[in-house]
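Morning, everyone. I have one structure to go through today, and I will keep it short. Please have a look at it first.

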Amino acid sequence: MPDPAPLGTPEEFHLMLVDLANEFAPRRFALCEEYGDRLDGGVFAWGVAFPDGALLRHDGRTSTGHFATAESALRLFTRTGRRLRLIWIDTTTPVDHGVVVPSKRH
């Protein structure tokens, strides 16, 4: 059986790969922390979300983690008492999942 014919010209094939990469690219996000009552804020961690999970990097301790979703990373780190927001990056319309205020423990 002969080898199949190449898909298009080298330039066309390159553009097909660019389209493929853009279509299935992971989504970038940040977990941003609110200090005080909107007194200041900062990026707590950066992340990349894939269809089957999310990777998170916290620069303060150069630690990384794997999570089921970006939202699950948010839930975990708000348990420590931090006021965090999940911010999606590279969206045409800013999406903000709001401040997550830790529940008070009795």
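How many bridges join β2 to strand β3, and which way do the two run? There are five bridges, and the strands run antiparallel, with β3 covering residues 53-58. Before I go on, note that this is a predicted model.

Staying with that pair, β2 and β3 form a hairpin, and two residues lie between them. F50 has G53 in β3 as its bridge partner.

Next, the surface. L7, F13, M16, L17, L20 and F24 make a nonpolar patch of about 590 Å². L7 sits in the segment before α1, which spans 10-23. Is L7 buried or exposed? L7 counts as exposed because its relative accessible area is 52%, and the cut-off for exposed is over 50%.

Last, a residue from helix α2, residues 70-78: T78. T78 has a relative accessibility of 7%, so T78 is classed as buried; the limit there is under 20%. How far apart are the C-alpha atoms of T78 and E33? The separation is 9.7 Å, for two residues that are 45 apart along the chain.

Technical notes. Residues numbered from 1 in each chain as written. Predicted model: local features only at pLDDT ≥ 70, side-chain atom pairs only at ≥ 80, totals over all residues. Heavy atoms only, no water. Pairing = 2+ DSSP bridges. Helix = DSSP H or I, 4+ residues; strand = E, 2+ residues; numbered from the N terminus. Patch = residues over 30% accessible without salt bridge, like charges linked within 9 Å, V, L, I, M, F, W, Y side chains within 5 Å. Areas by Shrake-Rupley, 256 points an atom, 1.4 Å probe, with all protein chains shown as cover. Salt bridge = Lys/Arg side-chain N within 4 Å of Asp/Glu carboxyl O. Buried < 20%, exposed > 50% of the residue type's maximum accessible area, 1.4 Å probe, protein only.
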